[in-house]
Amino acid sequence: MTDLFRRRMDRAVTQAAEAGLTGLLVTPGPDLTYFTGYRPTAITERITMLVLDAGHDPHLIVPVLERPDAAKAAGAGAVTITDWADGTDPFAAAARLLDPKGRYAVSDNAWALHLLGLQEALPGSAYTSMTGSLPMLRAVKDDDEVARLAAAGAAADAAYEQIVGVRFAGRTEHEIGTDLAALLRAHGHSQVDFTVVGSGPNGANPHHEMGERVIADGDMVVLDFGGLKDGYGSDTTRTVHVGEPTAHEREVFEIVREAQQAAFEAVRPGVACEQIDRVARDVITRAGYGEFFIHRTGHGIGLTTHEPPYLVAGEQRPLVPGMCFSIEPGIYLPGRFGVRIEDIVTVTADGGRRLNNTSRELRIVA
């Protein structure tokens, strides 16, 4: 396990150098978990930071009272732990590990308090966001990460297969969403990040989540839900219908299903991220609904449910085996209904593999 974290840190240092950076400053959150396995029990104003650069061994600076926990982390053997005590200057302690004129990528969720403190201690240093400068840092997953994402996807699939068996008509979106959250936890999720339940006209809002609207017979219902299982994310969307749909509703649904399938079939190494978005968008545009597809086609997933790569116009980075992301085209008709279909997909040596495997046909619910 120590070797795994060491390889990740070495690769990050190489990528930072290629980007013209001195190194990386990694703070509590998904980045620190990825590089060290360390998840502080409390993320507070006390600075905790992993320093990675080509000229030095990795150093993890922590408050002295949290050193015992840091030492138990899975990747602790790959770093040198340096502590600081209350009453001393933590920024002076951190500054000793940095190049006074260095340029560092910093975790996106770093506290402004800490970054400003470092800037004051090292006025000749410069900082940039991790996503802005090294967006692909965690984008390519190893076999263990893909397996964890697949297990999270299977758990979300199992939750879906159960939720379609409950009664929708006469119940509120909130009740269905609460059921979905409970099912995700029952299938091993430690954290539920979202449960979108958009019924009828609410389905035309991609991020509606769930409200007190009572679901009625004849409603199209968008179900988008996910969270974390064993540290890795799930995120899937299926659109169901309460009772028999109209011909128009079936038509819109089939357009989205065709777009999602076409985008999946376009996945292979070397294809630009934006091409997957273009393929899905072209299907919907040719059908006359282009103005109603109002978001990107997909986002990466891993230790968080939204992370690079993004399948969106302008993103020219090529797909690489091990990348994992959503493919989720949709059509949203204001005041009427919405349709979205989403799977998590991983890039393989010669194409793509879905990590969600429930039916993408229109499911009729009671």
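T236 is in contact (heavy atoms within 4.5 Å) with A156, L223, D224, F225, E342, D343 and N356, leaving aside residues up to four places away in sequence. The model is a predicted one, in which local features need pLDDT of at least 70 and side-chain atom pairs count only at pLDDT 80 or more, while totals for chains, interfaces and linings use all residues. Residues are numbered from 1 along each chain as its sequence is written, and side-chain values use heavy atoms, with hydrogens and water left out.

T236 belongs to strand β10, residues 236–242; strands (E, at least two residues) and helices (H or I, at least four) are DSSP runs numbered from the N terminus. T236 counts as buried because its relative accessibility is 2%; the classes are buried under 20% relative accessible area, exposed over 50% and partly exposed in between, with a 1.4 Å probe and protein chains only. A polar atom of the T236 side chain lies 3.0 Å from the backbone oxygen of E342.

Strands β5 (residues 103–106) and β6 (residues 126–129) pair in the parallel sense over four bridges, pairing being assigned if DSSP finds at least two bridges between two strands. Within this pair, R103 has A126 of β6 as its bridge partner. Together with helix α5 (residues 112–121), β5 and β6 make a right-handed β-α-β unit. Right-handed here denotes a path from the first strand over the helix to the second that runs clockwise with the strands pointing away from the viewer.

Helix α9, residues 247–265, has 19 residues and reaches 27 Å from its first C-alpha to its last, close to the expected 27 Å at 1.5 Å a residue; the expected span is 1.5 Å times one less than the number of residues. Its buried residues are E249, V252, F253, I255, V256, A259, Q260, A263 and F264. An α-helix has 3.6 residues a turn, so residues three or four places apart point the same way.

Most residues other than glycine have a negative phi, and most peptide bonds are trans. E209, which is not a glycine, has a positive phi of about 60° and is located in the loop between β7 (191–199) and β8 (220–229). E209 counts as partly exposed because its relative accessibility is 42%. D230 likewise has a positive phi, near 50°, and sits in the loop between β8 and β9 (232–233). With 48% relative accessibility, D230 is therefore partly exposed. A cis peptide bond, with omega of about 5°, joins P308 and P309, and P309 is part of strand β12, residues 307–311.

Definitions and conventions: A polar contact is a pair of N or O atoms within 3.5 Å; within protein, one must be able to donate a hydrogen and the other to accept it, and residues adjacent in sequence count only if both atoms are side-chain atoms.
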